[in-house]
Amino acid sequence: MAEGRPAILAEGLEKSYGTTRALAGLDLAVEEGTVLGLLGPNGAGKTTAVRILTTLLAPDAGRAEVTGLDVVRQADELRSKIGLTGQYAAVDEYLTGRENLEMVGRLYHLSKKYSRKRADELLERFDLTGAGSRLVKTYSGGMRRRLDLAASLVYSPPILFLDEPTTGLDPRSRLAMWEIIGELVSGGTTLLLTTQYLDEADRLADRIAVVDTGRVIAEGTADELKAKVGGERLELVVSEDSDLRTAARALERHAKGGAGGGVRTDVDRRHVGATVEGGARLLVSVVRDLDAAGVQVDDLGLHRPTLDDVFLALTGRAAEPSEEGLPGHQEKETA
Ligand SMILES: Nc1ncnc2c1ncn2[C@@H]1O[C@H](COP(=O)(O)OP(=O)(O)OP(=O)(O)O)[C@@H](O)[C@H]1O
Ligand SMILES: [Mg+2]
């Protein structure tokens, strides 16, 4: 790799599918041995960017290089240096789990013996030993997903791209995946991972690029991004549904102005939150106001901003999708 150049570099990438503009001038730089989290909502352009960087798709404009190799002109040479796990499992239905992994080993010219050993290790790792000799078409969605991830680790490439590596995994597999990713990275792998999960980006990525409508709208460490929002979040839970509105109004008086300071309410959880500044003193005056308004609270606290607050501040909307099959609130597990 060229000395001092980022392991992954994208400049002004543009890509349209018909009239849909998937990338609108995307810039990225990932230093060797670090993890970049590409964070963005559905349709932001994450997969398109990964496909271009892994030579599967040519950009309409702009350029990119990975380990110093141009993704278009030097695509063949580059392919042997990168690993990719796509958003959708790409395993062969009519082979067993073990055969799939062994096949990948052979594609990378690993010896038969080593491929077999590696396949066994990975099956064990991903809790698939028992299912290793079954055809993949009998696997559940989560099992396929795990096998697909295992396949991208058969050969440990210096640069790895993981497109939403934990979408559709149950919490236990998700934690296992995080562990494996952590090990790869401490072994020196450069990693670009896409995710819609803020906690995942927070936990795994050295730097985070927030992507929206085909371009990077903010980039930095999780802490730098959180500092952009400024202030803290004041969160409270009221005892009675009927007090939610009054509590929201009381908080409005203390909310920090500007983007991100908006008071958010969640009726189901009887929850109100706002970005504030003023620490403990402010907390006291909020309590006084709530008391004066006759609002009973079950819970009240000040928190540092989350990446979700960052996303809201940047785009005016929440980042986390609210679809079925997603891990949902994981605070307890990841705290
Ligand atoms: N093959 C395609 N043909 C037409 N439009 C496409 C195609 N692939 C992607 N798009 C569109 O391009 C935009 C970016 O899609 P992309 O898949 O890169 O987003 P993403 O960030 O990966 O989203 P998700 O989180 O849902 O995976 C979207 O509007 C999508 O509908
Ligand atoms: Mg995608």
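**Exercise 1.** Which residues in helix α9 (residues 244–252) are buried?

*Solution.* A quick note before we start: this is a predicted model, where local features need pLDDT of at least 70, side-chain atom pairs count only at pLDDT 80 or more, and totals for chains, interfaces and linings use all residues. Residues are numbered from 1 along each chain as its sequence is written, while chains are lettered from A and ligands numbered from 1 in the order in which they are written.

Step 1: pick out Ala247, Ala250 and Leu251, which are buried (20 or more other C-beta atoms, placed from the backbone, within 10 Å of the residue's own).

Step 2: these three sit on the same side of α9, because they cover an arc of only 100 degrees around the axis (taken from the directions from the helix axis to the C-beta atoms).

Step 3: their packing partners are β11 (232–238), β13 (271–276) and α10 (279–292), with contact meaning C-beta atoms, placed from the backbone, within 7 Å.

**Exercise 2.** Work out which strands stand at the edges of the open four-stranded sheet.

*Solution.* Step 1: write down the order, β2-β1-β4-β5, with antiparallel pairing (strands pair if DSSP finds at least two bridges between them).

Step 1: β2 (20–30) and β5 (69–70) each have a single partner strand, so they are the edges.

Step 2: check β5: it pairs with β4 (residues 61–66) over two bridges, and Leu69 is the bridge partner of Val66.

Methods: Buried ≥ 20, exposed ≤ 12 C-beta atoms within 10 Å, placed from the backbone. Contact = placed C-beta atoms within 7 Å.
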